[in-house]
Amino acid sequence: MEFAVKNTKAAATKTATLILPIGEDRTLGPVAQSVDQASNGAISAILKRGDLQGKTGQTLLLHGLPNLKAERVLLLGTGKADELDSRQWRKAAAAALAAIKGLGGADAAVALQDVRIKNRDEYARARILVEVLADGRYVFDQFKSKKADVPALRKVTLLVDKAEQTQAELAARHASAIAAGMSLTRDLGNLPPNVCHPNYMADQAKQLGKAFKGLKVDVLDEKKLRELGAGSFLAVSQGSEQPGCIVVMQYNGGKKGEQPYALVGKGITFDTGGISLKPGLGMDEMKYDMCGAASVLGTFRAALELQLPINLVGLLACAENMPSGNATRPGDIVTTMSGQTVEILNTDAEGRLVLCDTLTYAERFRPRAVIDVATLTGACIVALGSNTSGLLGNNDELVQQVLGAGQKADDRAWQLPLFDEYQEQLDSPFADMANIGGPKAGTITAACFLSRFTKAYPWVHLDVAGTAWTSGGKEKGATGRPVPLLMQYLLDRAGEA
(Lines give C-alpha, C1' and ligand atoms only; values in the text may rest on other atoms or scores of the structure.)
Protein backbone atom coordinates (compact mmCIF):
# COMPACT_ATOMS: atom_id res chain seq x y z
CA MET A 1 0.00 0.00 0.00
CA GLU A 2 1.21 3.49 -0.85
CA PHE A 3 1.06 6.29 1.70
CA ALA A 4 1.19 10.02 1.00
CA VAL A 5 1.08 13.12 3.21
CA LYS A 6 -0.66 16.31 2.08
CA ASN A 7 -1.64 19.67 3.45
CA THR A 8 -4.99 20.17 1.72
CA LYS A 9 -8.48 20.98 2.95
CA ALA A 10 -10.49 17.88 3.70
CA ALA A 11 -13.62 19.16 1.96
CA ALA A 12 -11.64 19.81 -1.23
CA THR A 13 -9.78 16.46 -1.22
CA LYS A 14 -10.71 14.25 -4.14
CA THR A 15 -10.80 10.69 -2.83
CA ALA A 16 -12.93 7.56 -2.83
CA THR A 17 -13.30 7.72 0.97
CA LEU A 18 -12.64 10.62 3.34
CA ILE A 19 -12.16 9.41 6.92
CA LEU A 20 -13.25 11.93 9.53
CA PRO A 21 -12.44 11.30 13.23
CA ILE A 22 -15.44 12.07 15.49
CA GLY A 23 -15.14 12.39 19.25
CA GLU A 24 -17.47 10.78 21.77
CA ASP A 25 -20.92 12.34 22.16
CA ARG A 26 -20.70 13.37 18.48
CA THR A 27 -17.99 15.99 19.07
CA LEU A 28 -16.70 17.57 15.85
CA GLY A 29 -13.16 18.89 15.65
CA PRO A 30 -12.23 21.93 13.52
CA VAL A 31 -11.65 19.88 10.34
CA ALA A 32 -14.85 17.87 10.78
CA GLN A 33 -16.72 21.13 11.37
CA SER A 34 -15.35 22.56 8.12
CA VAL A 35 -16.49 19.47 6.20
CA ASP A 36 -19.88 19.66 7.91
CA GLN A 37 -20.24 23.31 6.90
CA ALA A 38 -19.23 22.57 3.31
CA SER A 39 -21.88 19.83 3.14
CA ASN A 40 -24.58 22.18 4.46
CA GLY A 41 -24.69 20.53 7.88
CA ALA A 42 -25.24 17.03 6.52
CA ILE A 43 -22.87 15.39 9.02
CA SER A 44 -24.24 17.10 12.13
CA ALA A 45 -27.77 16.28 10.98
CA ILE A 46 -26.92 12.58 10.66
CA LEU A 47 -25.20 12.58 14.05
CA LYS A 48 -28.23 14.12 15.72
CA ARG A 49 -30.19 11.02 14.74
CA GLY A 50 -27.95 9.03 17.08
CA ASP A 51 -26.49 6.62 14.53
CA LEU A 52 -22.95 7.17 15.86
CA GLN A 53 -21.93 7.98 19.42
CA GLY A 54 -18.26 8.50 18.59
CA LYS A 55 -17.02 5.72 20.85
CA THR A 56 -13.57 4.38 19.93
CA GLY A 57 -13.74 2.18 16.86
CA GLN A 58 -17.33 2.96 15.88
CA THR A 59 -17.77 3.71 12.16
CA LEU A 60 -20.52 5.08 9.95
CA LEU A 61 -20.21 5.19 6.15
CA LEU A 62 -21.98 8.03 4.36
CA HIS A 63 -22.62 8.38 0.63
CA GLY A 64 -23.38 11.32 -1.60
CA LEU A 65 -22.76 14.24 0.77
CA PRO A 66 -23.19 17.53 -1.11
CA ASN A 67 -20.33 19.90 -2.04
CA LEU A 68 -17.53 17.43 -1.22
CA LYS A 69 -14.93 16.02 -3.60
CA ALA A 70 -14.99 12.71 -1.68
CA GLU A 71 -17.27 9.97 -2.99
CA ARG A 72 -17.86 8.66 0.52
CA VAL A 73 -17.27 9.88 4.07
CA LEU A 74 -16.41 7.45 6.84
CA LEU A 75 -17.10 8.80 10.33
CA LEU A 76 -14.63 7.21 12.74
CA GLY A 77 -15.23 7.26 16.48
CA THR A 78 -12.20 8.21 18.56
CA GLY A 79 -13.76 8.36 22.03
CA LYS A 80 -13.24 11.11 24.58
CA ALA A 81 -10.59 13.59 23.52
CA ASP A 82 -8.72 13.50 26.83
CA GLU A 83 -8.69 9.69 26.93
CA LEU A 84 -7.41 8.88 23.44
CA ASP A 85 -4.12 7.03 23.96
CA SER A 86 -2.02 5.05 21.50
CA ARG A 87 -3.85 1.80 22.23
CA GLN A 88 -7.24 3.37 21.55
CA TRP A 89 -5.90 5.05 18.40
CA ARG A 90 -4.71 1.68 17.13
CA LYS A 91 -8.17 0.29 17.78
CA ALA A 92 -9.74 3.14 15.84
CA ALA A 93 -7.29 2.77 12.94
CA ALA A 94 -8.01 -0.97 12.73
CA ALA A 95 -11.75 -0.24 12.66
CA ALA A 96 -11.26 2.26 9.82
CA LEU A 97 -9.33 -0.32 7.79
CA ALA A 98 -12.02 -2.95 8.38
CA ALA A 99 -14.64 -0.50 7.10
CA ILE A 100 -12.86 0.57 3.92
CA LYS A 101 -10.81 -2.40 2.72
CA GLY A 102 -13.87 -4.12 1.27
CA LEU A 103 -15.04 -1.04 -0.61
CA GLY A 104 -14.50 -0.45 -4.31
CA GLY A 105 -12.45 2.72 -3.89
CA ALA A 106 -8.76 2.60 -4.77
CA ASP A 107 -7.79 5.33 -2.30
CA ALA A 108 -8.72 6.96 0.98
CA ALA A 109 -7.76 10.11 2.88
CA VAL A 110 -7.59 10.49 6.66
CA ALA A 111 -8.10 13.91 8.28
CA LEU A 112 -5.51 13.64 11.05
CA GLN A 113 -5.66 17.25 12.25
CA ASP A 114 -8.51 16.55 14.68
CA VAL A 115 -6.68 13.65 16.38
CA ARG A 116 -4.65 14.30 19.52
CA ILE A 117 -3.15 11.34 21.35
CA LYS A 118 -2.39 11.52 25.04
CA ASN A 119 1.36 11.87 25.73
CA ARG A 120 2.25 11.33 22.05
CA ASP A 121 3.23 13.77 19.31
CA GLU A 122 2.24 14.21 15.66
CA TYR A 123 4.95 11.82 14.51
CA ALA A 124 3.54 9.02 16.70
CA ARG A 125 -0.02 9.76 15.57
CA ALA A 126 0.90 9.30 11.90
CA ARG A 127 3.23 6.35 12.45
CA ILE A 128 0.67 4.38 14.45
CA LEU A 129 -1.93 4.92 11.75
CA VAL A 130 0.33 3.80 8.91
CA GLU A 131 1.64 0.78 10.84
CA VAL A 132 -1.89 -0.41 11.59
CA LEU A 133 -3.14 0.10 8.04
CA ALA A 134 -0.10 -1.52 6.42
CA ASP A 135 0.15 -4.47 8.79
CA GLY A 136 -3.62 -4.96 8.75
CA ARG A 137 -3.52 -5.88 5.07
CA TYR A 138 -1.23 -8.85 5.71
CA VAL A 139 -2.42 -12.14 4.21
CA PHE A 140 -0.63 -15.49 4.14
CA ASP A 141 -2.26 -17.64 1.48
CA GLN A 142 0.59 -18.95 -0.64
CA PHE A 143 -0.29 -22.57 0.20
CA LYS A 144 -4.02 -22.18 -0.44
CA SER A 145 -5.41 -23.14 -3.82
CA LYS A 146 -7.93 -20.29 -3.58
CA LYS A 147 -6.17 -17.00 -2.97
CA ALA A 148 -7.61 -14.09 -1.01
CA ASP A 149 -9.28 -11.35 -3.00
CA VAL A 150 -6.97 -8.42 -3.72
CA PRO A 151 -8.44 -5.28 -2.08
CA ALA A 152 -9.11 -2.32 -4.34
CA LEU A 153 -7.55 0.02 -1.76
CA ARG A 154 -4.01 0.88 -2.88
CA LYS A 155 -3.27 4.35 -1.50
CA VAL A 156 -3.96 6.27 1.70
CA THR A 157 -3.31 10.00 2.06
CA LEU A 158 -2.71 11.55 5.46
CA LEU A 159 -4.11 15.07 5.70
CA VAL A 160 -2.13 17.22 8.14
CA ASP A 161 -1.39 20.85 8.92
CA LYS A 162 1.59 22.33 7.10
CA ALA A 163 3.61 22.58 10.33
CA GLU A 164 3.17 18.83 10.88
CA GLN A 165 3.93 17.68 7.34
CA THR A 166 7.65 16.93 7.73
CA GLN A 167 7.13 14.81 10.84
CA ALA A 168 4.18 12.99 9.27
CA GLU A 169 6.22 12.18 6.15
CA LEU A 170 9.04 10.81 8.30
CA ALA A 171 6.55 8.77 10.34
CA ALA A 172 4.95 7.30 7.21
CA ARG A 173 8.36 6.36 5.83
CA HIS A 174 9.41 4.69 9.07
CA ALA A 175 6.08 2.91 9.52
CA SER A 176 6.05 1.56 5.96
CA ALA A 177 9.52 0.08 6.46
CA ILE A 178 8.56 -1.42 9.83
CA ALA A 179 5.40 -2.96 8.37
CA ALA A 180 7.44 -4.47 5.52
CA GLY A 181 9.85 -5.93 8.07
CA MET A 182 6.96 -7.35 10.07
CA SER A 183 5.51 -8.87 6.91
CA LEU A 184 8.78 -10.68 6.15
CA THR A 185 8.97 -11.89 9.75
CA ARG A 186 5.40 -13.16 9.65
CA ASP A 187 5.94 -14.90 6.30
CA LEU A 188 8.99 -16.74 7.62
CA GLY A 189 7.21 -17.73 10.82
CA ASN A 190 4.11 -18.95 8.98
CA LEU A 191 6.00 -21.04 6.43
CA PRO A 192 5.88 -24.81 7.04
CA PRO A 193 9.04 -26.38 8.43
CA ASN A 194 9.53 -28.56 5.35
CA VAL A 195 10.10 -25.30 3.45
CA CYS A 196 11.65 -23.02 6.06
CA HIS A 197 14.74 -24.88 7.23
CA PRO A 198 18.18 -23.46 8.18
CA ASN A 199 19.45 -23.16 4.60
CA TYR A 200 16.22 -21.44 3.59
CA MET A 201 16.80 -18.83 6.29
CA ALA A 202 20.33 -18.33 4.96
CA ASP A 203 18.94 -17.90 1.44
CA GLN A 204 16.48 -15.26 2.68
CA ALA A 205 19.39 -13.28 4.14
CA LYS A 206 21.25 -13.53 0.84
CA GLN A 207 18.18 -12.29 -1.03
CA LEU A 208 18.08 -9.25 1.26
CA GLY A 209 21.70 -8.63 0.31
CA LYS A 210 20.73 -8.64 -3.37
CA ALA A 211 17.66 -6.43 -2.88
CA PHE A 212 19.31 -3.71 -0.78
CA LYS A 213 22.70 -2.10 -0.92
CA GLY A 214 25.19 -2.31 1.89
CA LEU A 215 24.46 -5.80 3.24
CA LYS A 216 27.15 -8.47 3.39
CA VAL A 217 26.07 -12.04 4.18
CA ASP A 218 28.26 -14.98 5.25
CA VAL A 219 27.10 -18.44 6.28
CA LEU A 220 29.00 -20.51 8.84
CA ASP A 221 28.21 -24.13 7.95
CA GLU A 222 28.66 -27.09 10.27
CA LYS A 223 32.22 -27.70 9.08
CA LYS A 224 33.19 -24.13 9.97
CA LEU A 225 31.32 -24.38 13.27
CA ARG A 226 33.34 -27.47 14.18
CA GLU A 227 36.52 -25.58 13.43
CA LEU A 228 35.31 -22.78 15.69
CA GLY A 229 34.59 -25.23 18.51
CA ALA A 230 30.82 -24.62 18.57
CA GLY A 231 30.09 -27.88 20.37
CA SER A 232 26.94 -26.57 22.01
CA PHE A 233 25.38 -25.46 18.71
CA LEU A 234 26.30 -28.72 16.97
CA ALA A 235 24.79 -30.73 19.83
CA VAL A 236 21.41 -29.43 18.68
CA SER A 237 21.82 -29.63 14.91
CA GLN A 238 23.43 -33.09 14.82
CA GLY A 239 20.11 -34.89 15.30
CA SER A 240 18.67 -33.59 12.03
CA GLU A 241 19.36 -34.34 8.38
CA GLN A 242 18.97 -30.58 7.82
CA PRO A 243 22.38 -29.04 8.52
CA GLY A 244 22.51 -26.11 10.90
CA CYS A 245 24.30 -22.82 10.29
CA ILE A 246 24.96 -19.40 11.73
CA VAL A 247 24.03 -16.67 9.27
CA VAL A 248 26.20 -13.56 9.62
CA MET A 249 24.83 -10.27 8.28
CA GLN A 250 26.81 -7.03 8.27
CA TYR A 251 25.45 -3.61 7.30
CA ASN A 252 27.81 -0.65 7.51
CA GLY A 253 25.68 2.46 7.16
CA GLY A 254 27.54 4.38 9.85
CA LYS A 255 31.02 5.76 10.10
CA LYS A 256 33.93 3.55 9.09
CA GLY A 257 35.35 1.73 12.09
CA GLU A 258 32.43 2.65 14.34
CA GLN A 259 31.41 -0.20 16.65
CA PRO A 260 28.24 -1.92 15.45
CA TYR A 261 25.05 -2.83 17.23
CA ALA A 262 24.34 -6.55 17.08
CA LEU A 263 21.06 -8.46 16.89
CA VAL A 264 21.11 -12.20 17.54
CA GLY A 265 18.11 -14.41 16.75
CA LYS A 266 17.19 -17.94 17.76
CA GLY A 267 16.35 -19.80 14.55
CA ILE A 268 15.17 -23.28 15.52
CA THR A 269 13.17 -23.97 12.37
CA PHE A 270 11.41 -26.89 14.04
CA ASP A 271 11.64 -28.05 17.62
CA THR A 272 10.52 -31.56 18.47
CA GLY A 273 12.32 -31.31 21.78
CA GLY A 274 14.87 -33.85 20.56
CA ILE A 275 15.25 -36.93 22.76
CA SER A 276 13.29 -35.02 25.45
CA LEU A 277 10.36 -35.22 23.04
CA LYS A 278 7.51 -32.74 23.34
CA PRO A 279 3.87 -33.91 23.56
CA GLY A 280 2.33 -34.28 20.10
CA LEU A 281 -0.61 -31.95 20.71
CA GLY A 282 0.28 -28.49 19.43
CA MET A 283 3.73 -29.53 18.23
CA ASP A 284 2.92 -28.07 14.81
CA GLU A 285 3.41 -24.63 16.39
CA MET A 286 7.06 -25.43 16.98
CA LYS A 287 7.68 -24.19 13.45
CA TYR A 288 7.49 -20.77 15.11
CA ASP A 289 10.59 -21.48 17.18
CA MET A 290 12.61 -19.53 14.60
CA CYS A 291 10.68 -16.30 15.11
CA GLY A 292 13.61 -14.70 16.93
CA ALA A 293 15.79 -15.11 13.85
CA ALA A 294 12.85 -14.11 11.63
CA SER A 295 12.44 -10.87 13.60
CA VAL A 296 16.13 -10.08 13.15
CA LEU A 297 15.74 -10.60 9.40
CA GLY A 298 12.62 -8.41 9.40
CA THR A 299 14.42 -5.70 11.35
CA PHE A 300 17.30 -5.78 8.88
CA ARG A 301 14.85 -5.48 6.03
CA ALA A 302 13.35 -2.34 7.58
CA ALA A 303 16.75 -0.84 8.44
CA LEU A 304 18.03 -1.51 4.92
CA GLU A 305 14.97 0.12 3.34
CA LEU A 306 15.62 3.21 5.44
CA GLN A 307 19.41 2.97 4.96
CA LEU A 308 19.89 3.88 8.62
CA PRO A 309 23.21 5.64 9.34
CA ILE A 310 24.48 2.99 11.77
CA ASN A 311 26.64 -0.11 11.67
CA LEU A 312 24.69 -3.27 12.33
CA VAL A 313 25.48 -6.98 12.71
CA GLY A 314 22.87 -9.73 12.60
CA LEU A 315 23.53 -13.31 13.69
CA LEU A 316 20.92 -16.00 13.02
CA ALA A 317 21.40 -19.24 14.95
CA CYS A 318 19.58 -21.66 12.64
CA ALA A 319 19.12 -25.36 13.35
CA GLU A 320 16.47 -28.05 13.53
CA ASN A 321 16.01 -29.99 16.79
CA MET A 322 15.11 -33.57 15.91
CA PRO A 323 15.32 -37.01 17.59
CA SER A 324 17.45 -39.57 15.78
CA GLY A 325 20.31 -41.98 16.28
CA ASN A 326 22.65 -39.00 16.03
CA ALA A 327 20.74 -36.80 18.46
CA THR A 328 22.20 -35.51 21.71
CA ARG A 329 21.15 -37.46 24.81
CA PRO A 330 20.24 -36.09 28.22
CA GLY A 331 23.42 -36.39 30.25
CA ASP A 332 25.78 -35.55 27.37
CA ILE A 333 28.46 -32.95 28.10
CA VAL A 334 29.57 -30.55 25.36
CA THR A 335 32.22 -27.87 25.11
CA THR A 336 31.03 -24.47 23.92
CA MET A 337 32.88 -22.07 21.65
CA SER A 338 33.86 -20.13 24.79
CA GLY A 339 35.56 -23.21 26.28
CA GLN A 340 32.96 -23.61 29.02
CA THR A 341 31.33 -27.02 29.35
CA VAL A 342 27.62 -27.78 29.57
CA GLU A 343 25.82 -30.84 30.88
CA ILE A 344 22.69 -31.22 28.76
CA LEU A 345 19.97 -32.38 31.13
CA ASN A 346 17.10 -31.64 28.75
CA THR A 347 17.44 -31.57 24.96
CA ASP A 348 14.28 -29.42 24.75
CA ALA A 349 16.26 -26.55 26.27
CA GLU A 350 18.03 -26.23 22.94
CA GLY A 351 17.59 -22.56 22.13
CA ARG A 352 20.12 -21.50 24.73
CA LEU A 353 22.56 -24.09 23.34
CA VAL A 354 22.60 -22.56 19.85
CA LEU A 355 22.49 -19.02 21.22
CA CYS A 356 25.42 -19.35 23.61
CA ASP A 357 27.89 -20.17 20.82
CA THR A 358 26.38 -17.47 18.61
CA LEU A 359 26.73 -14.92 21.41
CA THR A 360 30.36 -15.94 21.83
CA TYR A 361 30.90 -15.47 18.08
CA ALA A 362 29.44 -11.95 18.41
CA GLU A 363 32.49 -10.89 20.47
CA ARG A 364 34.67 -10.65 17.35
CA PHE A 365 32.65 -7.68 16.10
CA ARG A 366 33.37 -5.65 19.25
CA PRO A 367 29.70 -4.64 19.44
CA ARG A 368 28.50 -1.54 21.27
CA ALA A 369 25.51 -3.54 22.42
CA VAL A 370 23.93 -6.93 21.72
CA ILE A 371 20.23 -7.80 21.81
CA ASP A 372 19.27 -11.44 21.44
CA VAL A 373 15.71 -12.40 20.54
CA ALA A 374 14.35 -15.86 21.24
CA THR A 375 11.16 -17.83 21.73
CA LEU A 376 13.00 -19.33 24.64
CA THR A 377 10.75 -20.42 27.50
CA GLY A 378 7.16 -21.43 28.12
CA ALA A 379 7.72 -19.98 31.59
CA CYS A 380 7.70 -16.51 30.03
CA ILE A 381 4.19 -17.11 28.70
CA VAL A 382 3.09 -18.17 32.18
CA ALA A 383 4.64 -15.05 33.70
CA LEU A 384 3.69 -12.38 31.16
CA GLY A 385 1.11 -13.88 28.83
CA SER A 386 0.98 -12.89 25.17
CA ASN A 387 1.03 -9.10 25.46
CA THR A 388 4.50 -8.41 26.83
CA SER A 389 7.96 -9.77 26.05
CA GLY A 390 10.33 -10.72 28.85
CA LEU A 391 13.56 -8.73 29.15
CA LEU A 392 16.75 -9.39 31.10
CA GLY A 393 20.20 -7.91 30.72
CA ASN A 394 23.60 -7.11 32.18
CA ASN A 395 23.66 -3.35 31.54
CA ASP A 396 21.17 -0.95 33.10
CA GLU A 397 21.58 1.73 30.44
CA LEU A 398 20.89 -0.72 27.62
CA VAL A 399 17.98 -2.26 29.53
CA GLN A 400 16.34 1.17 29.87
CA GLN A 401 16.97 1.99 26.20
CA VAL A 402 15.25 -1.21 25.06
CA LEU A 403 12.37 -0.83 27.53
CA GLY A 404 11.91 2.76 26.35
CA ALA A 405 11.93 1.69 22.71
CA GLY A 406 9.22 -0.86 23.43
CA GLN A 407 7.12 1.78 25.17
CA LYS A 408 7.41 4.18 22.23
CA ALA A 409 6.68 1.47 19.68
CA ASP A 410 3.73 -0.03 21.62
CA ASP A 411 5.68 -3.30 21.55
CA ARG A 412 6.42 -3.49 25.23
CA ALA A 413 8.77 -5.60 27.28
CA TRP A 414 9.05 -6.09 31.04
CA GLN A 415 12.26 -6.53 32.98
CA LEU A 416 12.77 -9.63 35.09
CA PRO A 417 15.56 -9.93 37.69
CA LEU A 418 18.92 -11.47 36.88
CA PHE A 419 20.16 -11.86 40.45
CA ASP A 420 23.23 -13.99 41.19
CA GLU A 421 21.17 -16.25 43.44
CA TYR A 422 19.46 -17.72 40.38
CA GLN A 423 22.80 -18.72 38.85
CA GLU A 424 23.17 -21.44 41.48
CA GLN A 425 20.27 -23.36 39.92
CA LEU A 426 22.54 -24.11 36.95
CA ASP A 427 25.20 -25.85 39.04
CA SER A 428 26.30 -29.26 37.70
CA PRO A 429 28.45 -31.87 39.48
CA PHE A 430 30.00 -32.92 36.16
CA ALA A 431 30.39 -29.77 34.01
CA ASP A 432 30.74 -26.02 34.35
CA MET A 433 26.97 -25.69 34.17
CA ALA A 434 23.74 -27.50 33.33
CA ASN A 435 21.48 -26.29 30.55
CA ILE A 436 18.40 -26.12 32.79
CA GLY A 437 17.86 -24.85 36.30
CA GLY A 438 14.85 -26.83 37.47
CA PRO A 439 11.16 -25.92 37.50
CA LYS A 440 11.47 -22.56 39.27
CA ALA A 441 12.07 -19.23 37.46
CA GLY A 442 12.59 -20.88 34.08
CA THR A 443 12.81 -17.64 32.10
CA ILE A 444 15.35 -16.19 34.52
CA THR A 445 17.59 -19.26 34.68
CA ALA A 446 17.59 -19.45 30.87
CA ALA A 447 18.85 -15.86 30.80
CA CYS A 448 21.35 -16.70 33.55
CA PHE A 449 22.73 -19.38 31.25
CA LEU A 450 23.09 -16.91 28.36
CA SER A 451 24.63 -14.28 30.64
CA ARG A 452 27.68 -16.51 31.10
CA PHE A 453 28.51 -15.96 27.42
CA THR A 454 27.90 -12.19 27.24
CA LYS A 455 30.42 -10.72 29.66
CA ALA A 456 32.38 -8.98 26.89
CA TYR A 457 29.66 -6.47 25.97
CA PRO A 458 26.41 -4.80 27.08
CA TRP A 459 23.63 -7.33 26.48
CA VAL A 460 19.86 -7.63 26.63
CA HIS A 461 17.85 -10.81 26.14
CA LEU A 462 14.26 -10.67 24.85
CA ASP A 463 12.13 -13.74 25.49
CA VAL A 464 9.33 -13.49 22.93
CA ALA A 465 7.77 -16.93 23.44
CA GLY A 466 4.44 -15.30 24.25
CA THR A 467 4.50 -12.42 21.78
CA ALA A 468 6.03 -13.76 18.55
CA TRP A 469 2.97 -15.75 17.53
CA THR A 470 -0.71 -16.20 18.30
CA SER A 471 -1.40 -19.74 19.41
CA GLY A 472 -4.21 -22.14 18.57
CA GLY A 473 -7.24 -22.24 16.29
CA LYS A 474 -7.84 -20.49 12.99
CA GLU A 475 -6.22 -17.28 14.21
CA LYS A 476 -2.83 -18.83 14.91
CA GLY A 477 0.12 -17.25 13.17
CA ALA A 478 3.24 -15.15 13.51
CA THR A 479 2.75 -11.59 14.77
CA GLY A 480 5.87 -9.84 13.47
CA ARG A 481 6.93 -8.84 16.97
CA PRO A 482 9.34 -7.59 18.21
CA VAL A 483 10.30 -5.87 14.92
CA PRO A 484 8.67 -2.57 16.04
CA LEU A 485 10.65 -2.60 19.31
CA LEU A 486 13.95 -3.46 17.62
CA MET A 487 13.45 -0.85 14.91
CA GLN A 488 12.57 1.81 17.47
CA TYR A 489 15.78 0.99 19.32
CA LEU A 490 17.78 1.39 16.10
CA LEU A 491 15.94 4.58 15.10
CA ASP A 492 16.77 6.01 18.52
CA ARG A 493 20.44 5.09 18.09
CA ALA A 494 20.44 6.65 14.62
CA GLY A 495 18.79 9.82 15.95
CA GLU A 496 15.89 9.51 13.52
CA ALA A 497 12.90 9.25 15.87
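Predicted model: local features only at pLDDT ≥ 70, side-chain atom pairs only at ≥ 80, totals over all residues.
Q: Are helix 5 and helix 9 roughly parallel or roughly antiparallel to each other?
A: Angles under 35 degrees count as roughly parallel, over 145 as roughly antiparallel, 65 to 115 as roughly perpendicular, and the rest as oblique. The crossing angle here is roughly 150 degrees. Helix 5 and helix 9 are therefore roughly antiparallel.

Q: How many nonpolar, polar and charged residues does the contact of helix 5 with helix 9 have?
A: Contact means heavy atoms within 4.5 Å. Residues of helix 5 including Arg173, Ile178 and Leu184 meet residues of helix 9, among them Leu297, Arg301 and Glu305. Ala, Val, Leu, Ile, Met, Phe, Trp, Tyr, Cys and Pro count as nonpolar, Asp, Glu, Lys and Arg as charged, and the others, Gly among them, as polar. By class, the contact of helix 5 with helix 9 has 10 nonpolar, 7 polar and 3 charged residues.

Q: What span should helix 9 have, and how far apart are its end C-alpha atoms?
A: The expected span of a helix is 1.5 Å times one less than its number of residues. Helix 9 has 16 residues, so it should span 22 Å. The distance between its end C-alpha atoms agrees, at 22 Å.

Q: How many residues of helix 9 are buried?
A: Buried means under 20% relative accessible area, exposed means over 50%, and partly exposed is in between (1.4 Å probe, protein chains only). Helix 9 is mostly covered. Of its 16 residues, the number buried is 14.

Q: Is helix 9 parallel or oblique to helix 15?
A: The axes of helix 9 and helix 15 come within 9 Å and cross at roughly 45 degrees. That makes helix 9, relative to helix 15, oblique.

Q: Which residues of helix 15 meet helix 9?
A: On the helix 9 side, the residues are Ser295, Gly298, Thr299, Ala302, Ala303 and Leu306. By class, the contact has 8 nonpolar, 3 polar and no charged residues. The partners in helix 15 are Val483, Leu486, Met487, Leu490 and Leu491.

Q: Why is helix 15 described as largely enclosed by the rest of the structure?
A: Helix 15 runs over residues 483-494. Its buried residues include Pro484, Gln488, Tyr489 and Asp492. Helix 15 is largely enclosed because, of its 12 residues, the number buried is 11.

Q: Which two residues does a cis peptide bond join, and what is omega?
A: Most peptide bonds are trans. Pro482 lies in the loop between strand 19 (477-478) and helix 15. The cis bond joins Arg481 and Pro482, with omega about 5 degrees.

Q: What phi does Asn67 have?
A: Most residues other than glycine have a negative phi. Asn67 sits in the loop between strand 3 (59-63) and strand 4 (72-77), and Asn67 is exposed, with a relative accessible area of 54%. Although Asn67 is not a glycine, its phi is positive, at about 65 degrees.

Q: Is Glu343 buried or exposed?
A: Glu343 lies in strand 12 (residues 341-343). Leaving aside its neighbours within four places in sequence, Glu343 is in contact with residues including Ile333, Pro429 and Phe430. At 8% relative accessibility, Glu343 counts as buried.

Q: Where does Thr360 lie, and what is its relative accessible area?
A: Thr360 is in helix 10 (residues 351-361). Leaving aside neighbours within four places in sequence, Thr360 is in contact with Met337, Ser338, Phe453 and Tyr457. Thr360 is buried, with a relative accessible area of 11%.

Key:
Residues numbered from 1 in each chain as written. Heavy atoms only, no water. Axes fitted to C-alpha atoms, helices over the stretch in contact; angles between N-to-C directions. Helix = DSSP H or I, 4+ residues; strand = E, 2+ residues; numbered from the N terminus.
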